[in-house]
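Dear colleague,

My notes on what was found in it follow directly after.

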Amino acid sequence: MDGVNNNAGNVKPIGIIDQMQTAYLDYSMSVIVSRALPDVRDGLKPVHRRVLYAMERMGLQSNRSFRKCAGIVGEVLKDFHPHGDASVYDALVRMAQPWNMRYPLVSGQGNFGCFTGDTRIKLLDGTERTFKELAQLPSDEIFYVYSVDRSGRIVVGKGRHARVTRSAAELVEVTLDNGAKLRCTPNHPFMLRDGTYKDAEFLTADDALMPFNAERAVETAPERSATKSAYADFHQPGGVCKSEPGSLILGGLAVLTAAPRVISVHPLTEREDVYDITVDEHHNFLLADGVFVHNSPDDDPAAAMRYTEARMAAISSELLADIEKDTVDFKPNYDGHEQEPTVLPARLPNLLLNGAAGIAVGMATNIPPHNLRELCDGITYLIDHPDATVEDLMRFVKGPDFPTGGIIHGREGIRSAYMTGRGRIVVRARANTEETERGKVSIVVTELPYQVNKAELVKKIAELARDKKIEGISDVRDESDRQGTRVVIDLKKDTRHLTVLNQLFKYTAMQSAFNANMLALVDGQPRVLNLKAILHHYIAYREIVIGRRTKFELRKALERAHILEGLQIALDHLDEVIETIRRSQSTETAQRNLRDRFKLSEEQAKAILDMRLGRLAALERKKITEELVEVRATIKRLEGILADVEEVRKLIKADLAELREKYGDPRRTEIQEDEAGEFTEEDLIPNDEMVVSLTEQNYIKRLPSKTYRAQRRGGKGVTGMTTREDDTVLHLLITHAHDSLLFFTNRGRVFQLATYELPEVGRQAKGEHIRNLIGIDTSERVTAIVSVPKFQSLDFLVMATRLGEVKKTALDEFAVVRRMGLNAMDLEEGDELIGARLVHANDTVFLVTTHGQSIRFSVGDLRSASRASGGVRGIRLEDGDSVVALDVAHKGGELLVVTARGYGKRTPVEEYTTQGRGGSGILTARLTDKTGLIAGARVLTEADRDLVLISANGVVIRSPIRTIAQLSRATQGVRLMNLADNDQVSALATTIDDEDDELIEAVASGESPNGATGK
């Protein structure tokens, strides 16, 4: 029938879903096997394997000269890797980067240097600025320079981050024919007239450098500020200037003339700090002396492959060792014209040595690098102890060893990765503190977590400081050079460096997690492997490689022995052999006659005919005999290796010992036992000295103690807080942000908060109601606040009541206090708790009453009671009197008493004899209507610096304690604070802040530095 396709029966209908699934699976496996995942045997992906093999074929061993990377990439593309050049060059570059590879497999050449600070750069606005001047700008501020693009046109370049890159650097001086003298490091690349680069030290006389017609460029480009970011008006009608970076300034190099030429290059004896800048996209810029130079590679991609050079690192030869001895299989390349290895012999345990990272379809690998010495020890142990567990191997392989160092916190992530193949390993930067000449502290970062971009980190820190997300940073700069990483973070005065460091760990990449996923190809299939499995596969593979190598060497030895045996026969029958050859008409006839006459093989007969006459000499004949003996011994040794796997394993161990000695180095990454964990709020808050105040109506707040500057005794003070109408500040204490606060109420209950949990508000703010923080009843009020310093060991809490009862309870009973509180003391009806203090067992304590009586007795007189019990009599009171203060009598201390009308004095505690508890006590102050009743009392020590008084109306004064008169017990004291008629002292506290010593000295001597007196 016309129009009928007779082949229609060959068409099979396939559903599109089935076809898509099949095609996608085929694609997935191709990506997994051919591109993204490393082989467990040599630890390489195909592209890395092909790069190394191509370099081996090109003769680029470590003892040979460097070759252009473009040539290497071209060789790989031509014969092995049918993909884009970018993937090949990226792989080549990564293998040469010491911050990416623990043991780089490629040696690269093309690192760039820097210029002295007085070197000037030509800016787009027509001005010239030195490196040192530009370094004063913020690191992220942009300035515009002249650059050369890939087409050789002069365009707008976007410069930033001028910085010191090396301290006390070695210098050379380049002299040009235009009279310029440029001082730079020997390795800084200058752009030649043809667009290529040459390091300064290799410049020769008459080298022509890339020129620039400055007069025409300035004429073409409108004047712009060097630091403006807008380009809206950067355009001239009909001109070549455009409105964005990278726009054309000049048409092309053909219009340029008078290329600067090099006169001489000579080294300098002096050393100086050197600078460089970052130029995005073009990576070069114009100096004011009319030449173009390359910029620093920090935060830049690798230079174009036409500029950089490479050769194999010495350690790479271990991956390719014995590849010519039939140790691995070869397969046809993509076009069938060449053969490539399916895997390298890999004398090195490269999978764990340098690690691997890759993303396939539906899976990914992320294997950390390790230390060679540890791997060699672990593999050797596993060979000797095949039943070893992962825990056994971890005694040798401690954990990842990153090329950038850093500190691993905790072993759980390492253990998980080694046990299961997956684990989260937390790495922190290594940082220490340095004190400047002015007494300020700087955090100096010398090692970073693996694969953290230093430039991005510096930028992030600067942003956090600028946005006030991290307080206390005054400056951040990168002082790294070829000697190593050095990022300096200057702190403001009074800033606690540990808090800033914790914030940096939390909010920046200074703490990073390496999520190990040890996935590799095993027999062409992806598998997640634990530590023992990876080492086991390496050992098994090396057994195969050594077995194949041994068979190859045995075959060659047998072939050589066969030839030598033939030569030996010929030497033993030399005259007959010569006669046989002489009678033969041709070489072929001679060969046949020799074989027939002496029973030789074709190879032996040919070797006899090829033998030179010189070999017939006696010494040469002896050498043949000795070589035959050696070859036979070699054959016996090789046969012994093939017959016994233990001999193979001995060779593996010998290889490992040699590698360990030849390439091994100390561990770079430290492993600390403590787990990093999550940062608590406390970790991120400075442990600064704080003033905590609580009002009669239960409004509480905290402020830094430096808020209240020291003033003269008798001053009016400053407003400490604005209280509600008829509200009075009752409690004021000096503590630290990380200390725990125990709140005791009049009903004998106790609550607990950390100081930093209190609201930090302005000096005149009211604060927050305490019922929003702890669960006190509406009829309950706080009568005592005790600060429990962190890490300080104390024995007991002593509590006192208004009616003179006291009680001692072990501090351990207050270790954990529920939000709703605990009972601290059982009170008599009509009594209430007025105070509590931390004490040791051998301390003595004071009780002071409103009528001026006091008693001092030993803590040992009190039995330790439980929280639920009541107290015992501490002082016998007269009618109308009540206890107003409880404190500890420190040796050499002074009892400070302050009256309601602002009078006070200091009296040595030695004037108060120790009595038995329960007595009436002795007089501590003579009171009058002018002084008012006792408002509070406090025992002072040598550590106390200032006295802080707060009045019922919220006025606060801070005065040096040494300005308060020291008087005997039976005196009324001196005026400490001027009060309004309707005001009185409601609370007092002391500060031990040493940083106000200079101010205190000034106030004590009658001076008024910086307006310290009240107004």
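This is a predicted model: local features need pLDDT of at least 70, side-chain atom pairs count only at pLDDT 80 or more; totals for chains, interfaces and linings use all residues.

Another of them joins the side chains of D149 and R153, with 3.0 Å from N to O. Here D149 is buried, at a relative accessible area of 13%, whereas R153 is partly exposed at 33%.

A further salt bridge links E374 with R667, and their closest N and O atoms lie 2.9 Å apart. E374 is part of helix α9 (residues 372–384), while R667 sits in the loop between α19 (645–663) and β30 (670–672); the pair therefore ties together parts that are 293 residues apart in sequence. Is each of these two residues buried, partly exposed or exposed? E374 is buried, with a relative accessibility of 11%, and R667 is partly exposed, with 26%.

Salt bridges also occur as a network, which links E318, R347, R542, D655, E658 and K662.

The C-alpha atoms of D273 and G117 are 7.2 Å apart in space, although 156 residues separate the two in sequence. D273 has a relative accessible area of 37% and is thus classed as partly exposed.

On the surface, I16, I17 and M20 make up a nonpolar patch, and their accessible area together is about 370 Å². M20 belongs to helix α1, which covers residues 16–36. With a relative accessibility of 56%, M20 counts as exposed, because the limit for that class is over 50%.

Turning to the strands, there is an open sheet of four, arranged in the order β50-β47-β48-β53 with antiparallel pairing. Its edges are β50 (934–940) and β53 (974–975); each has a single partner strand, so one side of each is left without a neighbour in the sheet. The partner of β50 is β47 (residues 894–899), and six bridges join these two antiparallel strands. Within this pairing, T899 stands opposite I934 in β50.

How many cavities of 30 Å³ or more does a search of the whole structure find? The search finds two, and the largest cavity holds about 60 Å³ of space. Its lining consists of V40, R41, P349, N350, L351, L352, I534, L535 and Y538. Two helices, α8 (350–353) and α14 (531–572), each supply at least two residues of that lining.

- the salt bridge between E374 and R667;
- the nonpolar patch of I16, I17 and M20;
- the sheet with the strand order β50-β47-β48-β53;
- the largest cavity, with V40 and Y538 among its lining residues.

Yours sincerely

Methods
Residues are numbered from 1 along each chain as its sequence is written. Side-chain values use heavy atoms; hydrogens and water are left out. A salt bridge is a side-chain nitrogen of Lys or Arg within 4 Å of a carboxyl oxygen of Asp or Glu. Buried means under 20% relative accessible area, exposed over 50%, partly exposed in between (1.4 Å probe, protein chains only). Patches are made of residues with over 30% relative accessible area and no salt bridge: like charges are joined within 9 Å, nonpolar side chains (Val, Leu, Ile, Met, Phe, Trp, Tyr) within 5 Å. Accessible areas come from the Shrake-Rupley method with a 1.4 Å probe; for residues, only the protein chains shown count as cover. Two strands pair if DSSP finds at least two bridges between them. On a 1 Å grid over the protein atoms alone, a cavity is a set of points where a 1.4 Å probe fits but cannot get out, and a pocket is an open set with protein on both sides within 12 Å along at least five of seven lines; lining residues have an atom within 4 Å of a point. Grid points are joined across faces, edges and corners, and a volume is the space filled by probe spheres set on the points.
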